[in-house]
2 protein chains.
Amino acid sequence: MAERESNVVLGLDPDPSRLWPEAVDAVQWLRAAPKARESGVALDVAAELLGEPGRPGATRRLAAAAVAAHCALVIDAVAPAVVAVKLQVACFERLGGAGWRALRAVAGRAREAGLLVLADAKRGDIDVTAKAYGQGLFGGLDTPFGAVRGLGADAATYAPYMGRDTIEAVLGEARAAGGGLFVLVRTSNPGAADLEDRRLADGGAVWEAVAEMVHGLGVPGPDSGLHDVGAVVGATVPEHLARARELLPRAPFLLPGVGAQGGRVEDLAPAFAPGRAAGLVTASRSIVRAHEQAGGEPAGAARAEAERLRATAWALA
Amino acid sequence: MAERESNVVLGLDPDPSRLWPEAVDAVQWLRAAPKARESGVALDVAAELLGEPGRPGATRRLAAAAVAAHCALVIDAVAPAVVAVKLQVACFERLGGAGWRALRAVAGRAREAGLLVLADAKRGDIDVTAKAYGQGLFGGLDTPFGAVRGLGADAATYAPYMGRDTIEAVLGEARAAGGGLFVLVRTSNPGAADLEDRRLADGGAVWEAVAEMVHGLGVPGPDSGLHDVGAVVGATVPEHLARARELLPRAPFLLPGVGAQGGRVEDLAPAFAPGRAAGLVTASRSIVRAHEQAGGEPAGAARAEAERLRATAWALA
């Protein structure tokens, strides 16, 4: 973050119907002329995913290749202004096995660009199952058939409803791979009021009880002093940020909701109280679809919007 | 359920290190003699998944093929005694894209055996993302590249922490495909006490507030009168079952925790108050690993244990 002077996380939640035209064109071109795949378009990721057109699942592979190409193009355009990608797992998973291969390919591309990889998966389950999710998202597992690599994420989002033991089980896998978690604390959607904001009999809101649980799970890193268990706190609820920071003095905050969901980066100052690295500002559609507002070609508009956000957030922090 | 006189759901949470030997043998045999793939072993599912040994991800495909073969064998052994499979998505997902293909293959095998398919996914996210999860688990989505089929589940488990709007978004996809949801209400793990059991300022526990939200979301079916939004209520906490039934008079209950987690089917009577179809008793390891206790070959032991559980639960309901 210090090197890049950036707190910004690029959110990638690709919709096959709203990809950058260059990605769609490249995949159609690869499909028409498979022999020319080595010819220098920056889309080897897509070529690897396409496979043979006749086999079952060809539509899924085509859509997944286009999604991967799109994400690779966005990463290439935006990487210098951001520190991480937040991959919305749902958007890949809906394309089945090919979608998971695209997810892996995009994670690899992000790493090549020097970015951290956050898997926005919001999983949550009992011990043995949480461990399985952790194996998939982080380091993998050994099997009698050989070692199976995981996604290699640096962090993943996780849901707290089922309690502390369900977080600890996935945290073990995260830590073994040098990674961490961002637990949902106070989310950015209107429905967060239904449960997260309910008052508890012994004081505070449900989300504050979760914050206390999250604080108790974290272990500080050697340099930053920041915990390896962070919190998702919506940028749409700046009124809760200061309180969340009181309860979580050492947790990195992942702050979604800037841009399309209405959050303003100017309201996020409390997140940065423990230091610049304590607040990660996530923006997805406002960067990827910046050209729809600003005009021009997608890559330039995305880069400009990411850079604007970087400068604003860094000045604030 | 009436036809089979069964309330039992077969849980499949395959661990590549603890598969039935017959599945491992079959995959090794397929690998050694790929040309013989058509020869009548009930494992075409595995053959389809294996692919070419040299390509990247060959270990994942081998493990996924063995997992799929194992699940197919368990389904074939147990199907007459059960009404549905509950597929633990984590256990497939940790094998990446090949794992998702195995998940799809196992769901297909279950449908061929006349079983309903429950995707135990415990997802949960904001509107547009919840919709994407729903597309993946239920009916799929249209893309400019063609229609992409979803998993085709009949129901999926879902997490309530983020509130009502996050459930409604996935429910739309479920209903469009003729399916439903089971929302986590009071889970079977010890950590459920951390948040789910906390008392609210205006009375009741957090899980009871979730139960009320779930009740408000359901729509009754034409024949049974049961809602299309059910509840996950752990079989390990029979003391909460009667209260859950009060709050959710029309919700089907998915009741995990019998067997390996210590729940007893004899304690589940309140779940069946609205009728036999209102309680689904889930058992995973106690069926699949029955031979480790009972001896004999895995298929026979699994069938006997599933039949024992079926008879006990049906007599109770």
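Two residues count as in contact here if their C-beta atoms, placed from the backbone, lie within 7 Å. The model is a predicted one, so local features need pLDDT of at least 70 and side-chain atom pairs count only at pLDDT 80 or more, while totals for chains, interfaces and linings use all residues. Residues are numbered from 1 along each chain as its sequence is written, with chains lettered from A and ligands numbered from 1 in the order in which they are written.

Chain A carries 13 helices and ten strands; these are DSSP runs numbered from the N terminus (helices are H or I, at least four residues; strands are E, at least two). The radius of gyration of chain A, 20 Å, is close to the 20 Å that the globule rule gives for 317 residues, so the chain is as compact as a globular protein of that length. That radius is taken over C-alpha atoms, and the rule is 2.2 Å times the number of residues to the power 0.38. Along its principal axes, the C-alpha trace of chain A spans about 65 × 50 × 40 Å. Buried residues (20 or more other C-beta atoms within 10 Å of their own, with C-beta atoms placed from the backbone) make up 62% of chain A.

Helix α13(A), residues 298-316, is a handy close-up. Its 19 residues reach 27 Å from first C-alpha to last, close to the 27 Å expected, where the expected span is 1.5 Å times one less than the number of residues. Its buried residues include Ala301(A), Glu305(A), Leu309(A) and Arg310(A). Among the elements of chain A that cover the buried residues of α13(A) are β1, α3 and β10.

In chain B, strand β10 (residues 279-283) is mostly covered, with five of its five residues buried. Gly279(B), Val281(B) and Ala283(B) sit on one side, Leu280(B) and Thr282(B) on the other. Strand β1(B) runs parallel to β10(B), joined by three bridges (pairing takes at least two DSSP bridges), and Leu10(B) has Ala283(B) as its bridge partner. Strand β9(B) is also parallel to β10(B), again through three bridges, and here Leu254(B) stands opposite Leu280(B).

As for how the chains meet, the contact takes 66 residues from chain A and 67 residues from chain B. A rotation of 180° with 0.0 Å of shift along its axis superposes chain A on chain B (RMSD 0.0 Å), which is the relation of a two-fold axis. The superposition is by least squares on the C-alpha atoms of residues with pLDDT of at least 70 in both copies. Since 100% of the interface residues of chain A are also interface residues in chain B, the copies meet through the same surface.

How values were computed
Buried ≥ 20, exposed ≤ 12 C-beta atoms within 10 Å, placed from the backbone.
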